[in-house]
Amino acid sequence: MYAQQELSPLPDRVARAEVLQMCAMVKALRKAFKDSSVLCAATAFALYRDHPKWDVRLVTPASCTRKAREAVPRMVLNNVLTLVTENNSHIVIDFEWRDHFSIKCRTQKFDEFYQTLSSVFVGTMVTLTRHLQHHGAQVESCFRAFSIPIPPWRTAASIVSSFEFHIAHAIPIRCFCETLLRTSTAPPPPLPPARVD
């Protein structure tokens with residue numbers, strides 16, 4: 001449900017095991033957190049707590065400058081985590097995966113394809129790139145079927161480029177998680193004295 005079907009098997013058994021571990025974590029957290037933003041934050045916190053040596057980063061529109069975002073038309077990504085594990089596996093968790101491929105005009109073939117997409121992607125960078133190329137080609141094909149010009153940010157190459165760009169500008173979650181952990185375990189601040197007029 002959460003891990004995308006592999007277009008080809010992962011060459012690294014360790015990376016595959018870590019992907020499956022992340023799938024199980026996201027699936028468990030999804031029971032408590034339905035909103036993609038909250039699920040992303042909860043997953044980031046759980047990763048920080050359970051795997052403090054991993055490099056976990058957040059992809060968000062705020063993670064790069066507006067000037068850099070506007071330099072080339074590209075899709076905006078949000079609620080994506082990138083992980084580099086102790087075994088040097090590069091894993092991506094995209095909590096809005098299905099939404100990236102949503103288009104208004106759909107052929108029956110594209111609609112059938114779209115319905116098979118999971119809402120969350122968990123996989124390695126290699127698998128992500130393969131899926132982006134494949135899914136981007138499906139989007140292009142749908143536009144061609146309606147003889148609609150393909151918007152520049154909807155081409156397969158642009159979709160891959162958008163992900164690469166945003167992942168390169170991802171921000172570390174360590175400070176966010178440390179602050180959250182520190183404030184959640186600290187005693188609440190004292191209430192101000194009541195005013196009696």
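Two residues are in contact when heavy atoms lie within 4.5 Å of each other. With that in hand, here is a short tour of this predicted model. By this contact rule, Glu-140 meets Ile-150, Arg-154, Thr-155 and Ala-156, leaving aside neighbours within four places in sequence.

**Glu-140**
- You will find Glu-140 in helix 5, which covers residues 125-145.
- Its relative accessibility is 14%, so Glu-140 counts as buried.

- In soluble globular proteins, nonpolar side chains tend to be buried together.
- Here the largest nonpolar core holds 23 residues, and Met-22, Leu-47, Leu-81, Leu-83, Ile-93, Phe-95 and Val-122 have the most contacts inside it.
- At least two residues of this core come from each of helix 1 (13-30), helix 2 (36-50), strand 2 (80-84) and strand 3 (90-94).
- Beyond residues up to four places away in sequence, Leu-47 touches Met-22, Met-25, Pro-52, Trp-54, Val-56, Leu-81 and Leu-83.
- There is also a second, separate core of 22 residues, with Val-92, Leu-117, Val-139 and Cys-142 among them.

**Cysteines**
- A disulfide needs a pair of cysteine sulfur atoms within 2.5 Å, and by this rule the count is zero.
- Cys-105 is in no disulfide, as its nearest cysteine sulfur, that of Cys-142, is 7.5 Å away.
- Likewise, Cys-142 is in no disulfide, with the sulfur of Cys-105 as its nearest cysteine sulfur, 7.5 Å away.
- With a relative accessible area of 42%, Cys-105 is partly exposed.
- Cys-142, by contrast, has 2% relative accessibility and therefore counts as buried.

Key:
Residues are numbered from 1 along each chain as its sequence is written. This is a predicted model: local features need pLDDT of at least 70, side-chain atom pairs count only at pLDDT 80 or more; totals for chains, interfaces and linings use all residues. Side-chain values use heavy atoms; hydrogens and water are left out. Buried means under 20% relative accessible area, exposed over 50%, partly exposed in between (1.4 Å probe, protein chains only). A nonpolar core is a set of buried Ala, Val, Leu, Ile, Met, Phe, Trp, Tyr and Cys residues joined through side-chain atoms within 4.5 Å. Helices (H or I, at least four residues) and strands (E, at least two) are DSSP runs, numbered from the N terminus.
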